[in-house]
Amino acid sequence: MPSQVTLTVNGLRVSVPSGATVAAAVAIAGQACRISVTGEPRGPLCGMGICFECCVAVNGRPHCRSCQTLCESGMEVRTDE
Amino acid sequence: MSNAEPMSNAEYDAIIVGAGIVGAACADECARRGLRVAVVDRDAIGSGATAAGMGHIVVMDDSDAQFALTRYSQRLWQDLRPQLPDDVEYEQCGTIWVAADDQEIEEVWRKHDYYGKRGVPTEVWDARTLKQMEPNLRDGLAGGLLVPEDGVLYPPCAARFLLERAQERGAKLRLGVSVAQIGQGRVRTNDGLEITGEIVVNAAGAWAPELTPGIEVKKRKGHLVITDRYPGFLRHQLVELGYLKSAHAVTSDSVAFNVQPRRTGQILIGSSRQYGAEHREVDDGILARMLQRAQEFMPALGTMSAVRAWTGFRAATPDKLPLIGPWPGDKSLFLGTGHEGLGITTSLGTARILVDQITGAKPEIPIEPYLPSRANQELANA
Amino acid sequence: MSKDLEQRFDVVVVGGGPAGIAAAVRAAECGVSVGIVDDNATLGGQIWRGTSGERQEEGAKVAAIWYRRFGTAGITALCGKRVFHQPEPGVLLAEGTDDLFELGYRNLVLATGARERFLPFPGWTLPNVLGAGGLQALVKGGLPIRGKRVVVAGTGPLLLAVAAYLREHGAEILMVCEQAPWSSLARFTAALLGQPEKIAQAFELKRKLAGVPFVANSWPLAAHGGQTLEGVTVSRAGKSETIPCDYLACGFHLVPNTELPLLLGCQVGNRFVPVDDFQQTTIAGVFCAGEPTGIGGVDLALVEGQIAGLAAAGRRAEARELFGARRKARRFARILDRTFRLRAELRSLPSHETMVCRCEDVPYSRLQRLSSWRAAKLHTRCGMGPCQGRVCGPATQFLFQWNPDSVRPPVFPVRVASLARFRGGAKPEQTTVAGGLG
């Protein structure tokens, strides 16, 4: 099992320890997770999958809760931009 | 009610029971014509079928009478549109009637013809055009009919807007008031309060028969699902033309493919009809069948996130036309109910012809098909 | 393509935190078949998140013992699955990323835990303003916190636990602001005198937080920043103080996750699920343990979980042996409840523009004049977003005293295809279709 995992966030390469969440990777990449209905940048709030503020698109699938998604090698993550 | 009548002692010229879209439209119309009007409802504004509907503004052609009322009312909505606030979310997205096979394409042409003769613009689309305009529809459909003047809006806020306009002209709104009895110029609440009016309007939707026994309105339960935001997935309201191939397509429960794009980018998925279901709970079997039907037309729906599912009760009449006019047996009682799945569309038209009847003005469309007394007429003619 | 899977157990446990793990272990050790389901990638819930193999911290020794027992008990663990509906008694539906489970059970233990209560204040929606537990969860999930300046605020024992954890991982804790008054905290400390383990924990926390300013009677007034948080203004001794910082970890104690018990038809009281001595709800064969029966922390959760697991496995005599331990642990729960009441000043925190519903961006001004949760949902769409009111519900309950609505399936957003799956009833080809709209 590799100790580091490499994925991309909005095209930027991010390297995280194995077992890290996508939310952590997005934060390391310096990105907000989503843009709210009125255009505000948002990031994780609850950290446990109930607030939906951390939603990002993972490998093309939108509305994934990044705080509950583990990083995998080669994952493509896109936030609202 | 003619102009020669003496000034009455009643508190109001009209009391409207029900603050749904129909009651709200009636209140707005009454106030616009200078009537003193009160509206009572046991819950929040638009909390009945208004909260559960798909909010479409459409023309329909099941009968000439249905067409007349929907078209009349749709034009009124178009006139009102510039004044509607943002949260009413009016979008003229158009409807596409989707044809799955050649038999349904014939129906497309029939509708095109019918609407064309009556001044409603429509466009016939072949399979390629349909797929181009709505790429998320499955392959292999035969085509469709675009009705570009159809639209959607968010009904609870539309009802609220109409009531606020009425209130600006002096109408009184009393929410959280449960009505026990109406008739003979009175509305009596469960708390024992009595409100007097020259006219009382029963706009209580599926609950109208509870207040006026004998009204032939039955609850027709429907289900809806709304998804998370998927902007650009769907551009028009889509509805299927299909009927069961067998001629006797009558069972107790039915579903139909009907989806709508909301301004938020959420997809609203309907529709279902159940007869005799009295409880509000989501019926798993019906919900599943409705969603299976939807996926048959738009497979990608399956992977979308469904945020909520809910139900509502339409007010359905035996002949599919609403009841708009005086109640035989009580000249002071008027009905504005029985709108089934067209309450949002026909609310404005209903208000116009109802208040025409109350004030003795000449209605702009023939009102006979919607009169509550028509049932007696049929019996008399039989 | 989604897979449809079916599993049957004597006992199903929903929730893989301490209460759920304890229930599953005790039931399995009685010899019955047990399945545990949790929506996170690994077990542990919130308080044991990421603890399974880690160094000594936060009762890790206790967790390690339970995990060891769990590992040998033959329990089926379904992680990353979210229970969203009960189509019929004895069956639950749970959705995973690419699959759908039907879980059959004879007895059910609901150990769904709690979530933080969030209260709105100006700037609370800025990135890097998180819950207290929220920030801790994120750090456990790999968020780098070393060298970052953190203000911890809100209410409840979680604040100190989180501050200590973050500091151990290199964060600079600038201040811990507790809204409860000093008098409540003093009574809290005095009440702990009867709980030696709690005293030991308290001293441990004190040691870990040496030098960190802890202020009572203090709460956040506003968070500031452009694209992310740059500073926080807090109320302190009646004056406001602005603190530049990188993160604000702010939570106002805990709210029980009672959605699933409500969906199942369990009677739910004012806030919690009432249970009998054997942790059974008002529905026979459905048990509830841990925070949904009353916020009481990990010790109470472990005892309640064990009782529920044993009772679900039909071992009432053994369950009874734990009643004394539960009585003891409940004392802490009562102390907690009394101490961390929310003060009225917190109702005045939001400004007109402050978003209250974050999913639908509904500001405070639009909600003020509405009279009920239902009216708010209908007319502003507050509570109609994907969180299904889990964030704005408790906030508006506190701000406006609105009572929440009933719960409908799905209790979490799920794929349309998951709702379309139904094993009874007519097949699609036989579906009657009615023409016509709406």
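Contact here means heavy atoms within 4.5 Å. The views below are taken from a predicted model.

**View 1. The interface of chain A with chain C.** On the chain A side 30 residues are in contact with chain C, and on the chain C side 39 residues take part. Together the two chains bury about 2600 Å², 58% of it on carbon and sulfur atoms. Within chain A, the residues that lose the most area to chain C are A:Leu45, A:Met48 and A:Ile50, which together make up 25% of what that side buries.

**View 2. Polar and charged pairs between chain A and chain C.** There are three salt bridges between these chains. A salt bridge joins the side chains of A:Glu53 and C:Arg358, with an N to O distance of 2.5 Å. Residue pairs in polar contact between chain A and chain C, with both residues at pLDDT 80 or more, number 16. Helix 1 (22-28), strand 4 (41-42) and strand 6 (61-65) of chain A are the elements that give two or more residues to the side touching chain C. Helix 1 of chain A has the largest share of that side, four residues. By class, the side of chain A that touches chain C consists of 16 nonpolar, eight polar and six charged residues.

**View 3. The interface of chain C with chain B.** Chain B places 61 residues in this contact and chain C places 37. The buried area between the two chains is about 4100 Å², and carbon and sulfur atoms give 56% of this area. Four salt bridges are found across the interface of chain C and chain B. A salt bridge links B:Arg229 with C:Glu360, whose closest N and O atoms are 3.1 Å apart. Across the interface of chain C and chain B there are also 15 residue pairs in polar contact, both residues being at pLDDT 80 or more. On the side of chain C that touches chain B, at least two residues each come from strand 4 (82-88), helix 12, strand 20 (414-415) and helix 14 (416-420) of chain C. Helix 12 of chain C gives the most to that side, with five residues. The side of chain C that touches chain B divides into 20 nonpolar, nine polar and eight charged residues.

View 4. C:Arg381 sits in the loop between helix 12 (373-380) and helix 13 (392-400) of chain C. Its relative accessibility is 12%, so C:Arg381 counts as buried, the cut-off being under 20%. Leaving out residues up to four places away in sequence, C:Arg381 touches B:Glu89, B:Tyr154, B:Thr264 and B:Gln266 in chain B, and C:Cys357, C:Glu360, C:Val362 and C:Ala376 in chain C. Among these contacts, C:Glu360 is also the salt-bridge partner of B:Arg229.

**View 5. A sheet with strands from chain B and chain C.** This open sheet has nine strands in the order 5(B)-6(B)-4(B)-13(B)-14(B)-15(B)-12(B)-16(B)-20(C), and its pairing is mixed. Strand 5 (123-126) of chain B and strand 20 of chain C stand at the edges with a single partner strand each, so one side of each has no neighbour in the sheet. Strand 20 of chain C pairs with strand 16 (residues 305-316) of chain B in the antiparallel sense, over two bridges. The bridge partner of B:Ala306 in strand 20 of chain C is C:Val414. Strand 12 (residues 218-229) and strand 15 (residues 266-275) of chain B are likewise antiparallel, paired over five bridges. In strand 15 of chain B, B:Leu268 stands opposite B:Ile226.

**View 6. The surroundings of B:Asp13.** B:Asp13 belongs to strand 1 (residues 12-17) of chain B. With a relative accessible area of 14%, B:Asp13 is buried. A polar atom of the B:Asp13 side chain lies 2.8 Å from the backbone nitrogen of B:Arg36. Residues up to four places away in sequence aside, B:Asp13 touches B:Gly34, B:Leu35, B:Arg36, B:Gly197, B:Glu198 and B:Ile199.

**View 7. The surroundings of C:Leu159.** C:Leu159 is part of helix 4 (residues 158-168) of chain C. C:Leu159 counts as buried, at 1% relative accessibility. Apart from neighbours within four places in sequence, C:Leu159 is in contact with C:Ala132, C:Val152, C:Ala153, C:Gly154, C:Val176, C:Cys177, C:Glu178 and C:Gly251. C:Ala249 is 90 residues from C:Leu159 along the chain, and the C-alpha atoms of the two are separated by 8.3 Å.

Notes: Residues are numbered from 1 along each chain as its sequence is written. Chains are lettered from A and ligands numbered from 1 in the order in which they are written. This is a predicted model: local features need pLDDT of at least 70, side-chain atom pairs count only at pLDDT 80 or more; totals for chains, interfaces and linings use all residues. Side-chain values use heavy atoms; hydrogens and water are left out. Buried area is the accessible area (1.4 Å probe) that two parts lose on being put together, summed over both. A polar contact is a pair of N or O atoms within 3.5 Å; within protein, one must be able to donate a hydrogen and the other to accept it, and residues adjacent in sequence count only if both atoms are side-chain atoms. Ala, Val, Leu, Ile, Met, Phe, Trp, Tyr, Cys and Pro count as nonpolar, Asp, Glu, Lys and Arg as charged, and the others, Gly among them, as polar. Buried means under 20% relative accessible area, exposed over 50%, partly exposed in between (1.4 Å probe, protein chains only). Two strands pair if DSSP finds at least two bridges between them.
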